[in-house]
Amino acid sequence: MTDDMTAVRRGSEILGAGYYQPATVLTNHELESMVETNDEWIRQRTGIRERRIASDEETVPMMATAAARDALANAGIDASVIDLIVVATVTSEQRSPNTAGRVAVDLDAPSPVVIDINVACSGYVHALAIADQAIKAGTATTALVIASEKLSAVTDWTDRSTCILVADAAAAFVIRRSSRPGISTVTWGTEPELVDAVAIEPPTNKFAQDGKSVFKWAISEAAGYAAKSVTNAGYRIDELGGLISHQANLRIIEPLARQLGMADKIVATDVVTSGNTSAASIPLAFAKMWQAGELPPDTPFLLFAFGGGFAYAGLVARTPRPR
Ligand SMILES: CC(C)(COP(=O)(O)OP(=O)(O)OC[C@H]1O[C@@H](n2cnc3c(N)ncnc32)[C@H](O)[C@@H]1OP(=O)(O)O)[C@@H](O)C(=O)NCCC(=O)NCCS
């Protein structure tokens, strides 16, 4: 087998990460003038202090393209070599062309494969696994894996049980075929009995959830699947640099880290200043921490997400090697 073929068989690695957040900050105190709530309740129940909300011009494709440009710049990769774009989103404004197709044109990428996937909050881990598997199969070499979410557009701003949670953002990784694989096998699946627990459905098409059922599942079941993700990936917990899990609620993230025996490691808590950005939350936390120098290079991190579907997915991804 040639070196090239070996690389195909082995997998892919992350070269760089980027993100985009709207400039407009919405604080808990500002929410107090919109619905019957208060800063203390929101911080105690969720850990969130503030979140970013998109303007009319900040659409799902616009934010996706901005995050992709940032990822390409940080990876030192030109858009001309991108042959696969996968976008995870549950909030795209348009059915066709899909967001990935729009991003390809905006970036002037020659003729990449363009795929949008919707697995709500766990969409990004699914997207990363799908892109990695395409590279392993030899059907792509260099991919942009993006999540872009405008939850503010599918939120009932008079419903205090949901509007305090949501936010808008996009984030992206550039991944490339590698003989030193940096993305592990994925552990993924669904919990059919919770299929309606998180929904954006007619007639309102606004985000609604059975918060208590989701919370209960997250506290009692998530750690089992997350631990299985680590084992299936071929790692032990003590080999990991930390946990970057879906940023839904600090009251879920911290117990998850404790249950996994990872509380003393690096644990992403970006929800505090970014809110819940659905599929974008994991790559957003990763990109911000990596760009700030808070993630050691070439170090394995557990990425674990759950949400609408009711779907979950976990894998271990190594941070980019120093260039
Ligand atoms: C959403 C969540 C923070 C709500 O917390 P909770 O402790 O379950 O709160 P409840 O919905 O039981 O509400 C408790 C009380 O606070 C009130 N309340 C709800 N929202 C409020 C708000 N924004 N401000 C003030 N009070 C509020 C409720 O009306 C209720 O009042 P009552 O006791 O008089 O009836 C929590 O259930 C959660 O995090 N769930 C998981 C969500 C999640 O991870 N989703 C993933 C989707 S991807």
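Guide: Axes are lines fitted to C-alpha atoms, for helices over the stretch in contact, and angles run from 0 to 180 degrees between N-to-C directions. This is a predicted model, in which local features need pLDDT of at least 70 and side-chain atom pairs count only at pLDDT 80 or more, while totals for chains, interfaces and linings use all residues. Residues are numbered from 1 along each chain as its sequence is written, and side-chain values use heavy atoms, with hydrogens and water left out.

Visitor: At what angle do α8 and α10 pack?
Guide: Helices (H or I, at least four residues) and strands (E, at least two) are DSSP runs numbered from the N terminus, and in this numbering α8 covers residues 211-220 while α10 covers residues 250-259. Phe 215, Ala 218 and Ile 219 on the α8 side meet Arg 251, Ile 252, Pro 255 and Gln 259 on the α10 side, where a contact means heavy atoms within 4.5 Å. The two axes lie 9 Å apart, and the angle is about 20°.

Visitor: How is α8 oriented relative to α10?
Guide: Angles under 35 degrees count as roughly parallel, over 145 as roughly antiparallel, 65 to 115 as roughly perpendicular and the rest as oblique. The packing angle of α8 and α10 is about 20°, which makes α8, relative to α10, roughly parallel.

Visitor: Which elements do the buried residues of α5 pack against?
Guide: Buried means under 20% relative accessible area, exposed over 50% and partly exposed in between (1.4 Å probe, protein chains only). In α5 the buried residues are Thr 99, Ala 100, Gly 101, Val 103, Ala 104 and Leu 107, and just after this helix Asp 108 takes a positive phi of about 65°. The buried residues of α5 pack against α4, β4, β5 and β6.

Visitor: What is the bridge partner of Gly 18 in β7?
Guide: Strand β7 spans residues 168-177 and pairs with β1 in the antiparallel sense over eight bridges. In β7, the partner of Gly 18 is Ala 172.

Visitor: How many residues of helix α12 are buried?
Guide: Helix α12 covers residues 281-291 and is mostly covered, with Phe 286, Met 289 and Trp 290 among its buried residues. Just after α12, Gly 293 has a positive phi of about 75°. Of the 11 residues in α12, the number buried is 10.

Visitor: Which residue stands opposite Pro 300 in β14?
Guide: Strand β13 (residues 300-307) is mostly covered, with eight of its eight residues buried; Pro 300, Leu 302, Phe 304 and Phe 306 point one way, and Phe 301, Leu 303, Ala 305 and Gly 307 the other. Four bridges join β13 to the parallel strand β11 (residues 242-245), whereas β14 (residues 311-318) pairs with β13 in the antiparallel sense over eight bridges. The residue opposite Pro 300 is Arg 318.

Visitor: How far apart are the end C-alpha atoms of residues 232-318?
Guide: UniProt lists residues 232-318, in an unreviewed entry, as "domain: Beta-ketoacyl-[acyl-carrier-protein] synthase III C-terminal"; its positions are given in the numbering used here, feature names are shortened, and annotations may be inferred rather than shown by experiment. Over this range the chain is 30% helix and 25% strand, and the distance between the end C-alpha atoms is 15 Å.

Notes:
Pairing = 2+ DSSP bridges.
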